[in-house]
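I have kept to what can be checked against the coordinates.

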Amino acid sequence: MKKIATLMAAVLVTMTAAAQTLSIQTGQVTWLFPANQAGEMTWTDGETLTVMNKTFSVSDITAMTVDQTQVTDGTVGVSYDGTTANVTVAGNVAQYLTVETSGAHVSIVQSEDLAEEITYTLAGTSTDGGFYMEGSYKATIELNGLTLTNQSATYSGAAIHIQDGKRIKVKPSQAPPTRWLMPPRALKRAASTSRDMPSLPRRVR
Amino acid sequence: MMKRLLLILMTVAGVLTAQADDYPYLTFETSDGTVQSVSTTSLKLEISGDKLLVNDGAQSFTLTDLKKMYFSTNDATGIDENVNVNAQHSTLDAQLWFTIDGRMLSGKPTKKGIYINNGRKVIIK
């Protein structure tokens, strides 16, 4: 009986992993809309497409596909790869986020209308990249084997800069140690820091 | 305890199976009411100039003609979305005549009496 229950649980995990998804790519950002949440998607005057209240300019869309990409609600993934960074955004929070990228530098601004916690997962390696997040709702930052050095102040001089007055949970992963480095002159702190937010060292190896 | 857990897991599996079903079609609707469905299998959409290309140009839509799109379980190609269902029902109701005790007649009665037509009592003299 225990074996059957374990097998059922394993099957359930597998079943939740894959679902039909509409992926809309705008440059380095991929917006993932589960087919069973997308509903009616509106085209307006040949200039915009609106999906789950997120409006895209047609001119910004570089690709659209329907596939079995895994989407977990309330998540944003940032994957650094040398001089570039790719961002994936779950459809249910897409309307609340403004995402900008420049090479391996990423800026995400949360709307004040956001009312659910987003988990940002940062991974990969870059010798000149950064992650800047600005918002007014609590968030979780997961560091998944991240090695990040910021050499230029594109959105911020810090490798990771969180501008949010609410609780920010930082979760380092268990696997390869996470390292973030920033030039000594570029230490940044949030304007109002949460008690739970760790102070970032100037140089961490 | 284990039996209950197994029952719960099977119920959740059933629900998730229903949710995990893919939609076989992505249906496009244009401003003139035309509806066209495309298969979602390995579907790729690309914007090129003023066109939305489906699967490397196998099909295309003019962007300014597009009104909406949605995932669907049926191939809706050719169905006119401009059909006014309520207007059809009103026309049908007006053609049906019933006696006062609820029996449907084959057409407009010629005998004197009280009848029901289009939701109203009608007196034929």
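**Notes on the structure**

1. Strand 9 of chain A contributes the most to the lining of the second largest pocket, giving 5 residues. A pocket here is an open set of points on a 1 Å grid over the protein atoms alone, where a 1.4 Å probe fits and protein lies on both sides within 12 Å along at least five of seven lines, and its lining residues have an atom within 4 Å of a point. Strands (E, at least two residues) and helices (H or I, at least four) are DSSP runs, numbered from the N terminus.

2. This is a predicted model, in which local features need pLDDT of at least 70 and side-chain atom pairs count only at pLDDT 80 or more, while totals for chains, interfaces and linings use all residues. Residues are numbered from 1 along each chain as its sequence is written, chains are lettered from A and ligands numbered from 1 in the order in which they are written, and side-chain values use heavy atoms, with hydrogens and water left out.

3. The second largest pocket holds about 240 Å³ of space, a volume being the space filled by probe spheres set on the grid points, which are joined across faces, edges and corners. It is lined by 15 residues, of which Thr26(A), Trp31(A), Phe56(A), Asp60(A) and Val99(A) are the closest to its centre. Two or more lining residues come from each of strand 2 (29-34), strand 5 (54-57) and strand 9 (97-102) of chain A.

4. A salt bridge is taken as a side-chain nitrogen of Lys or Arg within 4 Å of a carboxyl oxygen of Asp or Glu, and the whole structure has 7 of them over all chains. One of these joins Lys68(B) to Glu40(A), with the closest N and O atoms 2.9 Å apart. The pair crosses between chains, running from strand 6 (residues 66-72) of chain B to the loop between helix 2 (35-38) and strand 3 of chain A. Lys68(B) is buried at 17% relative accessibility, whereas Glu40(A) is partly exposed at 48%; buried means under 20% relative accessible area, exposed over 50%, and partly exposed in between (1.4 Å probe, protein chains only).

5. Within chain B, Glu29(B) forms a salt bridge with Lys67(B), the closest N and O atoms being 3.6 Å apart. This pair links distant parts of the chain, 38 residues apart, with Glu29(B) in strand 1 (residues 25-30) and Lys67(B) in strand 6. Glu29(B) is buried, with a relative accessible area of 4%, while Lys67(B) is partly exposed at 39%. Glu40(A), Glu29(B), Lys67(B) and Lys68(B) are linked in a network of salt bridges.

6. Two residues deserve a look for their backbone angles. Most residues other than glycine have a negative phi. Asp45(A), although not a glycine, has a positive phi of about 55°; Asp45(A) lies in the loop between strand 3 (41-44) and strand 4 (48-51) of chain A and is exposed, with a relative accessible area of 59%. Asn55(B), also not a glycine, has a positive phi of about 50°, and Asn55(B) is found in the loop between strand 4 (51-54) and strand 5 (59-62) of chain B, where Asn55(B) is partly exposed at 30% relative accessible area.
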